[in-house]
Amino acid sequence: MQLQVLNSPFNQEQAELLNRILPTLTESQKVWLSGYLAASSTTLAFGALNAQTSVLSNQSTGKNISKDVTILYGSQTGNAKGLANKTGKQLEGNGFKVTISSMSDFKANNIKKVQNLLIIVSTHGEGDPPDNALSFHEFLHSKRAPKLDDLHFSVLALGDSSYEFFCQTGKEFDSRLEELGGTRLYPRFDCDVDYDEPASEWLQGVLGSLSEAEGSNAAPVAAAATQVESVYSRSNPFRAEVLENINLNGRGSNKETRHLEISLEGSGLSYEPGDSLGIYPENDPALVELLLAELKWDSEAGVTLNKQGDILSLKEALKSYYEITTLTKPLLQKVLELTGNETLQEILAQGNEEKLKAYIHGRDLVDFVRDFGAWGTSAQEFVSILRKIPARLYSIASSLSASPDEVHLTIGAVRYDAHGRERKGVCSILTAERLQPGDTLPVFIQHNENFKLPATSDTPIIMVGPGTGVAPFRSFMQEREEAGAEGKAWMFFGDQHFVTDFLYQTEWQKWLKNGVLTKMDVAFSRDTDKKVYVQHRMLEQSKELFAWLEEGAVVYICGDEKHMAHDVHNTLLDIIEKEGAMSRENAEAYLAELQQQKRYQRDVY
C-alpha cells in the first residue's frame with residue numbers, strides 16, 4: 001500500500017522515503033518500529049500508568065492480575081538466558097515490573113506467590129533439563145509442589161529437532177504447571193535451533209495476553225532504549241579471519257584435532273573463559289553435488305530463502321544456507337504431509353519410535369531423496385521445508401588477557417562410515433580440509449554463565465577434560481596465569497595415546513613448572529592392555545580429591561556428555577560416598593548442593 005501525501009501529515013519527500021522503506025521491512029522490524037515510535041511519545045504516560053495500582057481486573061476470569069511478571073530461565077549454553085533478558089526489557093518497556101532469575105537461584109517455594117510466570121528453558125542431552133534447571137524441575141514434579149490456582153503462565157521451549165526428545169523440558173514444565181492448577185497466558189512455543197522468529201512471535205503473544213488481562217487496548221510497546229546490543233551477534237555474525245590452523249595430533253594418530261587461531265580485531269567482541277564461539281559453517285561441496293545429481297533440477301535456478309526475499313541459486317543455497325546432513329522427525333512429517341508416502345507413514349507411525357530412530361541415524365538428505373524421491377514440483381517447493389544450517393558452538397580455548405583480539409578453538413575432526421558412505425562433520429571437516437589461514441568464518445560469542453572461574457582466585461579448582469574437552473581449561477590456565485592466581489589447580493586429561501594425542505602437552509608442562517597448575521593426572525586409554533580413563537585416575541586419587549572438595553574446590557567437567565560426563569558424575573558420587581562415609585542418598589545430596597553453590601559446573605555436549 002502506497003502512502004498518499006493528500007491524506008497524510010507527511011510532505012512529498014517524507015512520503016517518498018516511507019514508501020521506499022516500508023515494503024522492505026520484516027514483520028518483526030515493523031513491530032519494533034511501531035513500538036519505538038509509541039515509546040518515544042508515551043514516556044510521560046508510562047509514568048502516570050506506573051503510579052496506578054499494580055493489580056488490575058481480568059475481565060475474562062474475574063481474577064486480579066498483577067503487573068508483576070517473573071521470568072525463570074533454564075539455560076545450558078546461554079540462549080535461554082539471553083532470551084529471558086530480552087523478554088524482560090520488552091515487558092519493562094510496556095510498564096510491567098519484571099523479575100528475572102535462573103531457576104537455580106529461585107527459591108522454589110516462592111512459586112506460590114507468583115501470579116504471572118514466564119518459563120524460558122532449553123532441553124539438554126537426551127531430554128534432560130539444563131543443569132541450572134534440575135532442582136526447580138525436580139521440585140515442581142515432586143509431592144512438595146504447591147497448588148497454583150492463581151498462577152498465569154507461558155512457556156518458551158528451546159530445543160533441536162534432530163534430537164528425539166525435542167523441547168522435552170519445556171513440554172514437561174508446561175504440562176506440570178497446568179496439572180498444578182495454573183492457567184496459560186499464551187500457548188507454549190517449541191523453538192528449533194533457529195529460534196529468533198518464533199521467540200519473537202511468542203513474546204508478542206504474551207504481551208498481548210498480559211495487556212488484555214489488565215484491560216489495556218494499547219499495542220505492545222518495544223523497549224527501544226534498552227534493546228541496543230553490540231553490532232555483532234548470533235543474528236549478525238562477524239566475518240573473522242583465520243590466523244592459524246594446525247593439527248595437534250602426532251603422525252600415526254587415529255585422530256585429527258585442529259587448533260584454530262581466529263582474529264576478532266575490529267569486531268568489538270569480547271569473551272570470558274568458559275564462553276563459546278559460534279560458527280556458521282558451509283556444507284561440503286562434494287555432498288552438495290551428490291544431492292544435486294539426485295534432484296536433477298537446474299542448480300543455478302534461484303530459490304527464495306526467507307521472508308525478507310533473499311535469493312540464492314539452488315546450489316549455493318544447499319551449500320551455505322540449508323541443513324542437508326541431518327534428518328529430523330519434523331522434516332519427515334512435513335514430507336509425509338506433502339507426499340502421503342505409505343512407507344514413510346509406517347516409519348512415522350505412533351509407537352514406532354525405534355524404527356524412526358534406526359532410519360534417521362547416520363543418514364542425510366542424499367539418502368532420503370534416494371529412498372523416497374524429491375518432494376514438490378520445483379526447487380523452491382523442495383527447499384521450503386528445510387531448516388537453516390544451525391551454528392556450531394565450540395568451547396573457547398584462549399584468554400583475551402593472554403591473546404588480545406584473538407579467539408582459539410580446539411576442534412576434533414568427525415569422520416565415520418554409515419550406510420555404505422563416508423560421513424563427515426559439517427564444521428569440523430570444513431576446518432580440517434577446506435579452511436586456510438586468510439579465510440574468514442562467520443562467528444559470534446555465546447556467553448555461558450554456567451561455566452565460569454571462581455570469583456576469588458585463591459579458590460581451588462579441579463578440571464576434568466579428556467580429548468577436546470581440554471579446550472576451556474587451556475583458557476582457564478591462561479587467564480589465571482595472567483591474573484597471578486594463587487589458588488590450587490588440578491587437571492585430569494585423557495586421550496588415546498601419550499605420544500600422539502597429548503593435546504597442548506608443552507603448555508601443561510610449563511604451567512606445572514611455574515605453579516599455575518598444581519597437579520595433573522593423565523589417562524591414555526590405548527597405551528595399556530586395560531583401558532584407563534579419567535574417572536579411573538580420579539578414583540586412584542579419591543582421598544585427596546575429596547579433601548579438595550572439603551576445602552571448597554570447584555569441579556569442572558567438559559566433553560562428551562553421553563559417556564564421559566555420565567561416568568565422571570558417578571565416579572564423583574563413589575568418591576564422596578567412600579571418603580565422606582556417606583550413604584548413596586547423602587552423596588547425591590552433597591553433589592546436588594555443590595551444583596547449587598555453582599561448585600560443580602559442566603560444559604558437556
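How much accessible surface does the protein chain have, and what share of it belongs to carbon and sulfur atoms? The total comes to about 28800 Å², and carbon and sulfur atoms hold 49% of that. Bear in mind as you read that this is a predicted model. Here are my notes.

1. **The chain as a whole.** You are looking at 605 residues, of which 49% count as buried. Among contacts with a separation of 6 or more, 74% link residues 24 or more positions apart.

2. **A six-stranded sheet.** One part to pick out on screen is an open sheet with the strand order β14-β11-β18-β9-β10-β15, paired antiparallel. Which strands stand at its edges? They are β14 (392–395) and β15 (406–412); each has a single partner strand, so one side of each has no neighbour in the sheet. From one strand to the next, the twist averages 40°.

3. **The β10–β15 pairing.** Take a look at where β10 (residues 257–263) meets β15: the two run antiparallel and are joined by seven bridges. If you want a pair to click on, Ser263 has Glu406 in β15 as its bridge partner.

4. **A helix on the sheet.** Helix α15 (residues 426–434) packs on this sheet and touches β9 (238–247), β10, β11 (276–279), β14, β15 and β18 (440–446). The direction of α15 makes about 65° with that of β14.

5. **Asn245.** This residue sits in strand β9. Is Asn245 buried or exposed? Its relative accessible area is 11%, under the 20% cut-off, so Asn245 counts as buried. The Asn245 side chain makes a polar contact with the side chain of Arg258 at 3.1 Å, and also reaches the backbone oxygen of Leu435 at 3.0 Å. Leaving aside residues up to four places away in sequence, Asn245 touches Arg258, His259, Leu260, Thr431, Leu435 and Pro437.

6. **Ser235.** Now for a residue in a loop: Ser235 lies between α7 (196–213) and β9. With 58% relative accessibility, over the 50% cut-off, Ser235 counts as exposed. How far apart are Ser235 and Asp194 in space? C-alpha to C-alpha, the distance is 9.6 Å, although 41 residues separate Ser235 and Asp194 in sequence.

Methods. Residues are numbered from 1 along each chain as its sequence is written. This is a predicted model: local features need pLDDT of at least 70, side-chain atom pairs count only at pLDDT 80 or more; totals for chains, interfaces and linings use all residues. Side-chain values use heavy atoms; hydrogens and water are left out. Buried means under 20% relative accessible area, exposed over 50%, partly exposed in between (1.4 Å probe, protein chains only). Contact means heavy atoms within 4.5 Å. Accessible areas come from the Shrake-Rupley method with a 1.4 Å probe; for residues, only the protein chains shown count as cover. Two strands pair if DSSP finds at least two bridges between them. Helices (H or I, at least four residues) and strands (E, at least two) are DSSP runs, numbered from the N terminus. Axes are lines fitted to C-alpha atoms, for helices over the stretch in contact, and angles run from 0 to 180 degrees between N-to-C directions. A polar contact is a pair of N or O atoms within 3.5 Å; within protein, one must be able to donate a hydrogen and the other to accept it, and residues adjacent in sequence count only if both atoms are side-chain atoms.
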